[in-house]
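Visitor: I would like to learn how to read the contact between two chains in a model like this one. Could you take me through it step by step?

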Amino acid sequence: MSAAALDAGAAAQLVGFGLTPRLRPAGDPAYAELVERFAADAAFADVVGYVAGGLGLAVLDVGASGIVLAPAPGSPFAQRLSDYRANLSVNDRLLHGLIHVGIAAYCYPTAASLADSDVRVCSVAGVERFLRDAAARLREQHGECDPDADAPELEQAWRLYLRRQAARDTGDGRVGVSTTTAMVRFALERLAEQGMLSRTSDAEGGTYRALHRYRVEVRELAATRAYGVLAAAGTGG
Amino acid sequence: MEPRPLVEESFTRRVKALTRTLPVHELDASKGQREGDWTRDDLRALALAAVDAVIDEMGLAYGATAADVRGRLATLVRAAAPGGPPGHAEQVAAAVLDALLNDRERREAFSISYSDWSGPQHRRASLVFKLLEEVEAPDGTVVLRATDEAVNLFVGALDRDVEDAQAAAEAVLESQLRRGRIDQAVASAREARLRSVQFAARINRVLEATRRDLRQVDWGENVPRLLDDAFTHLRTRLDVERALLATLRDTLDEVADAGEAGSAEGAAQAAELVALITDCQSRHLELHERLVGARSDFLAAQDRQRFAPAAQVRVVDLSEELLKPLLRLPAATAEPPATTFLVGALGAIAPRLTRLTELVDDLLQPRRVAEEIDARDDAPDLVALDVDPWRFAPHAWVAALDVLDPVGEEPVRLSDLLADARRVSEDVAELVALTALHAFAPEGAGDLVATDDGAALEDEVFAGADLWVTRPTPLAAPATTGALA
């Protein structure tokens, strides 16, 4: 077999490791070897880039915590909203999206902290409070005036967030699934499944560490793309 | 004539050093607000003990974890106040670590203002610093690291910079050895080792940052200079320490020969010192190896990162540039950027393939009762199509739109449209059929209208009416939020 074919196989294996998000090089000698090879062998790193590119993935980072991949828009490897949570209305989709922006903004309060390399922490209660406070500050600025009944689609996002309850007693000790607390918890759990966060305790409704991988995805991918879409939409609010 | 500054240069340095102790004092002052009786807990001393515990493990294995440090602090708390209420020691330990990490401010750097008279005019300046931070170790564990500021605070070298302090520490050590002051020499050697750790951490950070992202590191000027300085520094240190070890071994021999009272203690201290210096030396050697590899690391990073996604000009400020603008926008406008963020934050996801056995199991599951219906959220802004948009490839959509495009005011039979579509593929035919059905629905949102005149559709795949499909000239009607558009 040709060396090129072997390289392609090894590169595909490395990309495959990247799609097993909670696996770390320290936990798998083959993974660790490929990460080292990526750092040492520029030709191999090229092959990895092309293999990933062919699958609609970009290599964001390769280091001690593994390979971090970014799906191109529309790639089969991108999270689909319908898989994240089925049958969402526009308002629900917005709230789920806002909560993800809120988690990231909570973990990385400034642009400088996004470029840093330390581990940050967040919790279900902390993120919920953070978003509610941000929305409440906007209410203070705009006053209590009611939204226009003839144009419900013009209702601002902060009103929607405040209208939604933080928690609700369902009678059996659970919080309602559509409360913001439940949505934050859902988001944090999904991020933990993706190896972006790791759960450290049950304090504050669930406390998590934000790992390197999360910072890279937020900085290199999510924030940039979302900002691009936002800028294209025009900030007529 | 140049006006003389109001204060000497070292004054500002000392003010800054003093300012950096503020978080520790604030921690101690917060005792009164804690639940329970904290009066016997010396939180200042515990904070220093925490930094001590972190520095002890830095550079060795991966470092101390938060749990390690909390455990050590809890032991100290219990020793100071035996018989405290259960869980108290752990609470105190956690509070100390939280304060050093600045958990209250989501682990941002401390930012404290101080008076600066060093310029032509007095100004209020802010000192931005961290004491401890958590970092990921290569094995995935998360360990604590003390910043340069914390090391300075801890060793009390408040008015020096890293390299000078190290040189000074070693000069002191040498003179102490010559005068036989071994106990002081042990203390100085500890300080010298801390300096070594601190220096290593600085170099490691640059190398780590380089591997992660070349753009964040100034390899044009600052880093090469830092590496050169480090090389020179290390060469001198290794020489000095070799000389120190030789001196020490002589001292040990002298102490043994003298055989005077208290010499057993002196010998033990000298032996401890030898171990310390040896440790210092091995840390320097380790750093030396990293430095030798640094340039090739840089070249490899350069090669690799050339193919990385296009360099981002600027990092987005999440709170100011995304969260706040999004909260201000109407829901429909804010939704696309917000969900774009969601999709991006979750990264690459391996598509789940359905296995037949799992599918059968799933289908045989009793129907789940919907967990809860939210009566408050009842605004169906967009009517979801009964078509999974992902089921059809983009080219099928394009082909289907091509088939439907010629439809104008003259009605066309669905059967004719299906025949056209089948020339492309069955998927396209299905899309055309579904679109026609959608147009037939009274709330149909697209620009097509379908009517049923009772004619049956004769088709191998589809059953129902052979609809007439037309595209009426649009009236001056308000644009609908078309689901098919």
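Guide: Let us begin with a term: a salt bridge is a side-chain nitrogen of Lys or Arg within 4 Å of a carboxyl oxygen of Asp or Glu. In this predicted model, the side chains of A:Asp118 and B:Lys130 form one, with 2.7 Å from N to O. Across the interface of chain B and chain A, the rule finds five salt bridges.

Visitor: Which conventions apply to these values?

Guide: Residues are numbered from 1 along each chain as its sequence is written, and chains are lettered from A in the order in which they are written.

Visitor: How many residues does the contact take from chain B and from chain A?

Guide: Contact means heavy atoms within 4.5 Å, and here 69 residues come from chain B and 98 residues from chain A.

Visitor: How do the residues on the side of chain B that touches chain A divide?

Guide: Ala, Val, Leu, Ile, Met, Phe, Trp, Tyr, Cys and Pro count as nonpolar, Asp, Glu, Lys and Arg as charged, and the others, Gly among them, as polar. On that side of chain B, 35 are nonpolar, eight polar and 26 charged.

Visitor: What confidence does the predictor give?

Guide: The complex has an ipTM of 0.92 and a pTM of 0.62, whereas chain B has a mean pLDDT of 74, with 65% of its residues at 70 or more.

Note on methods
Predicted model: local features only at pLDDT ≥ 70, side-chain atom pairs only at ≥ 80, totals over all residues. Heavy atoms only, no water. pLDDT = per-residue confidence, 0-100.
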